[in-house]
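Hi,

Here is the structure I promised to pass on. Have a look at it first, and then read my notes below.

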Amino acid sequence: MMISYLVLGILFLIQMGVGILGNFFLLGLYTFHSLIGQRLRPIECLFVHLALANSKVLLSKGIPQMISCLGFKNFLDFVGCKLIIYFYNVARSVGLSITCLLSGFQVIILRPSDSRWAGLKTQAPKCIVPSCFIFWCFHLLTNFTLLGTMHNSRYLTNNTKIWNLGYCSTLTPPSFNAALFAIVFFIPDVMCVGFMICSSAYLVILLHRHHQQVKHIHSPHLSATRFPEKKATQTVLLLVSTYVSFYSVNTGLSFYSFKMDKYGPWFVATLDLIAAWFPATSPFVLIFSDSQVRKYWYVLQHRKQGLLHHSVLN
């Protein structure tokens with residue numbers, strides 16, 4: 001086994017373990033709040049769907065690639081390969097849509113109330129849950145078009161391109177319409193990323209104006225990093241910049257692999273590793289940006305350390 005594959009397998013294991021821990025913590029916390037009758041805030045509903053989408057991305061890519069990097073190549077059959085690709089693309093698209101919605105929702109909530117925005121600000125929280133379910137249904141349906149472009153190995157011809165994913169191989173037939181693929185999948189992604197950048201920049205401007213207006217309220221002895229507006233700005237910038245950075249790198253390498261006829265299986269594994277960084281890190285951005293969620297996280301860590309210390313003493 002090549003040392004590079006072993007390193008990739010360990011990285012997938014660490015990434016998946018950390019990401020699943022953070023996302024499952026958010027899912028468990030908000031599920032517990034719902035079971036005890038506590039009503040979730042609209043933004044917390046977004047966190048739930050984002051954590052669910054992130055978990056599916058990590059499981060659909062992390063487990064197969066980790067097994068593949070450990071030496072078990074092409075262990076999935078044609079049906080299993082289709083399902084893994086389908087679930088990954090659905091979860092990835094939903095995660096992008098919800099992150100985009102989160103960015104826009106923050107702009108609406110923090111926008112100064114005037115005659116034009118007052119009605120939208122009151123109606124926006126009511127549209128959060130329906131919008132999330134619409135995203136799931138929409139991407140579940142549209143990704144069926146991708147399944148139609150995948151063929152089994154027995155249909156191999158001279159004009160057919162083989163996609164070696166490590167854990168399975170699939171074929172793209174000569175009739176594959178690259179323009180239709182770009183319209184259905186790539187252009188909506190670019191639009192969402194562009195909207196996230198614009199809305200986040202506008203949000204930073206709003207927070208800066210609000211900071212200037214209420215600056216005299218804060219104590220001059222406080223550091224600028226203690227201002228709540230600056231903390232919110234850093235959270236939004238970190239979340240959006242993390243997604244845009246990894247998305248840009250992953251998209252550029254994906255286009256490179258699409259144009260190249262030959263590339264090593266390690267290249268596909270590296271693409272999947274980069275694509276899963278945002279689902280693995282975003283839950284911790286959400287955890288440490290919310291004081292209430294951060295409190296539960298620290299309580300869980302203290303209990304874990306207490307149980308570990310008790311077991312060592314025994």
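α2 and α5 pack at an angle of about 20°, and they are therefore roughly parallel to each other (under 35 degrees counts as roughly parallel, over 145 as roughly antiparallel, 65 to 115 as roughly perpendicular and the rest as oblique). Their axes lie 9 Å apart; axes are lines fitted to C-alpha atoms, for helices over the stretch in contact, and angles run from 0 to 180 degrees between N-to-C directions. The helices are DSSP runs (H or I, at least four residues; strands are E, at least two), numbered from the N terminus. On the α2 side, the residues making the contact include Leu-46, His-49 and Leu-52, and on the α5 side they include Cys-132, Phe-133 and Trp-136. Contact here means heavy atoms within 4.5 Å.

Before you go on, a note on the source: this is a predicted model, where local features need pLDDT of at least 70 and side-chain atom pairs count only at pLDDT 80 or more, while totals for chains, interfaces and linings use all residues. Residues are numbered from 1 along each chain as its sequence is written, and side-chain values use heavy atoms, with hydrogens and water left out.

Now compare α1 and α2: they pack at about 155°, with axes 8 Å apart. That makes α1 roughly antiparallel to α2, and the crossing is left-handed.

Helix α2 also holds Gln-65. Is Gln-65 buried or exposed? Gln-65 counts as buried because its relative accessibility is 1% (buried is under 20% relative accessible area, exposed over 50%, partly exposed in between, with a 1.4 Å probe and protein chains only). Its side chain makes a polar contact with the side chain of Asp-272, at 2.6 Å. A polar contact is a pair of N or O atoms within 3.5 Å; within protein, one must be able to donate a hydrogen and the other to accept it, and residues adjacent in sequence count only if both atoms are side-chain atoms.

Finally, the largest nonpolar core has 42 residues, and Phe-25, Leu-26 and Val-293 are among those touching the most other members. Such a core is a set of buried Ala, Val, Leu, Ile, Met, Phe, Trp, Tyr and Cys residues joined through side-chain atoms within 4.5 Å. The largest share, nine residues, comes from α3.

Cheers

Notes:
Left-handed = near helix turned anticlockwise from the far one by under 90°.
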